[in-house]
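Please keep the sequence and the structure open while going through it.

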Amino acid sequence: MAFHLTKRTGSPRCHHTAETPVDERRVSLIMRIYGAASLVLGLLALVITVFLAVVLTRLIRQLPPEASLDTITIIALVVLFAMLTILSVVHVILGVAIIVNRRKYAARVMLGLMAATVVAILADVLVSGVTASALALVALLIGQLIISSYLDPSLSEERQLNAKLRQMDDRQRAEEGTLGRDLSGKGYITLNFFNVFWIFFVCCILGDIIEVIYVWVLSGSYMNRTGMLFGSFSPIYGFGALILTMCLNRFYNKGFVPIFLVSAVVGGAFEFFVSWFLEMAFGVVAWDYTGTFLSIDGRTNFRYMVMWGILGTVWIKFLLPWVLNIINLIPWKSRYTITTVVASFMLVNAIMTVQALDCWTARCADLPIETPLQEFYNKNFPDEYMQDHFQTMTVNPDLSARL
């Protein structure tokens, strides 16, 4: 009896058992290498970021008065270098967390890392347009998304088992008609990548249809209202639906008035930000409500905030269940493969759209063609094509906040 007891309670070096807490199990060798690389590169990036910030500050101070930077540009530069500093420090923290086997903590750190990367991308585009640094940050964000899935505190065998169990659960819930619903009851749907992406995709299409019909009813003529280079997609409605879903997911069983008010404020703020960002980053004016009732800097107004309120109410009360049913028509066996393919297309579409807008702005500013990428967009997407494709947009490089 003593022998068996000793054998059972000893051997701290033995392999993991089913009773071992998941977060205490050792990460793989690949993840430890990634953690070490994250630590080293984070320290190196921190030194480079501080050095560049000092050099740029000196250059700005030496500028003549007539070449002084706009306040927005200075703020964007400050935000950019602040985010780069945060990214460097957080990479160091992430590396340490992975090396010392703090998986759950590392997963939470990765979420903050991705948020800081998104802000850094927006600030970089505001400062200098779509450059190699912005694309590098996008690549970093994609890598973070991939790595975050492996930070889940489970071994490869367990992930395979969980995947099989998830497929069985998905199949059962699909048969019951509850797939995608939040089983906790706190919200209407589960805010996972699958649901979030397909809400974005479907609403991009619905938004373009709504815009075309709206303009046709008002003017009696057809106008192309797409917001992407390929396909009939209106990303402002896709992102708007995402934001409204996240803000209203727990309001699905509330009254119409609070849902309307939240939707109006959130939708109006989102529309204001998109208009401001397009103008500051690309000199693009996509809409102008100046002179209308309760216009806020021409970027949104009372009329469209009311429309956002109505859309949010109709969305969370009526359309979201319908869209969820459409999403669940995707065969459960291939849903993740189809999602990966379509998401990859939308990512490439978004990147090419932003690059085409960037080259359009550069042409309007009479900047020289310096790279093969610019030559490609100038040849395949010239001013005439861009103006015909984005019929609501006008470009004035003087309005942008670029260096």
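In which helix does isoleucine 199 lie?

1. Isoleucine 199 lies in helix H7, where helices (H or I, at least four residues) and strands (E, at least two) are DSSP runs numbered from the N terminus. The model is a predicted one, in which local features need pLDDT of at least 70 and side-chain atom pairs count only at pLDDT 80 or more, while totals for chains, interfaces and linings use all residues. Residues are numbered from 1 along each chain as its sequence is written, and side-chain values use heavy atoms, with hydrogens and water left out.

2. Isoleucine 199 counts as buried because its relative accessibility is 2%; buried means under 20% relative accessible area, exposed over 50%, and partly exposed in between, with a 1.4 Å probe and protein chains only. If neighbours within four places in sequence are left aside, isoleucine 199 is in contact with Ile189, Ala241, Leu242, Thr245, Trp315, Leu320 and Ile327, contact meaning heavy atoms within 4.5 Å. Leucine 320 is 121 residues away from isoleucine 199 along the chain, and the C-alpha atoms of the two are separated by 8.4 Å.

3. The largest nonpolar core has 85 residues, of which Trp198, Ile199, Phe282, Met346 and Met386 touch the most other members. Such a core is a set of buried Ala, Val, Leu, Ile, Met, Phe, Trp, Tyr and Cys residues joined through side-chain atoms within 4.5 Å. At least two residues of this core come from each of helix H3 (71-99), helix H4 (103-128), helix H5 (132-150), H7, H8, helix H9 (256-282), H10 and H11, and H4 gives the largest share, eleven residues. As for methionine 346, its partners beyond four places in sequence are Phe197, Phe200, Phe201, Met228 and Phe233.

4. Proline 235 is found in helix H8 and, at 18% relative accessibility, counts as buried.

5. Which residues form the nonpolar patch on the surface? The members are Phe256, Ile310, Val314, Phe318, Leu319, Trp322, Ile326 and Leu329, which together have about 760 Å² of accessible area. Patches are made of residues with over 30% relative accessible area and no salt bridge, like charges being joined within 9 Å and nonpolar side chains (Val, Leu, Ile, Met, Phe, Trp, Tyr) within 5 Å; accessible areas come from the Shrake-Rupley method with a 1.4 Å probe, and for residues only the protein chains shown count as cover. Helix H10 (residues 302-327) provides the largest share of the patch, six residues. Isoleucine 310 has its place in helix H10 and counts as partly exposed because its relative accessibility is 45%. As general background, nonpolar side chains tend to be buried together in soluble globular proteins.

6. A search of the whole structure finds four salt bridges, each being a side-chain nitrogen of Lys or Arg within 4 Å of a carboxyl oxygen of Asp or Glu. In one of them, glutamate 211 pairs with arginine 225, the closest N and O atoms being 2.5 Å apart. This pair links distant parts of the chain, 14 residues apart, with glutamate 211 in helix H7 (residues 193-219) and arginine 225 in the loop between H7 and helix H8 (235-248). Glutamate 211 is buried, at 14% relative accessible area, whereas arginine 225 is partly exposed, at 22%.

7. Another salt bridge joins the side chains of arginine 363 and aspartate 383 (2.6 Å, N to O). Arginine 363 lies in helix H11 (residues 335-364) and aspartate 383 in helix H13 (residues 383-389), so the pair ties together parts that are 20 residues apart in sequence. Arginine 363 is buried, with a relative accessible area of 19%, while aspartate 383, at 30%, counts as partly exposed. Elsewhere, salt bridges that share partners join Glu279, Asp297 and Arg299 into one network. Within it, the side chains of aspartate 297 and arginine 299 meet at 3.1 Å, N to O; aspartate 297 is exposed, at 55% relative accessible area, and arginine 299 is buried, at 6%.

8. How many disulfides does the structure hold? The number is zero, a disulfide being a pair of cysteine sulfur atoms within 2.5 Å. Cysteine 247 is partly exposed, with a relative accessible area of 32%, and cysteine 364 is partly exposed, with a relative accessible area of 32%.
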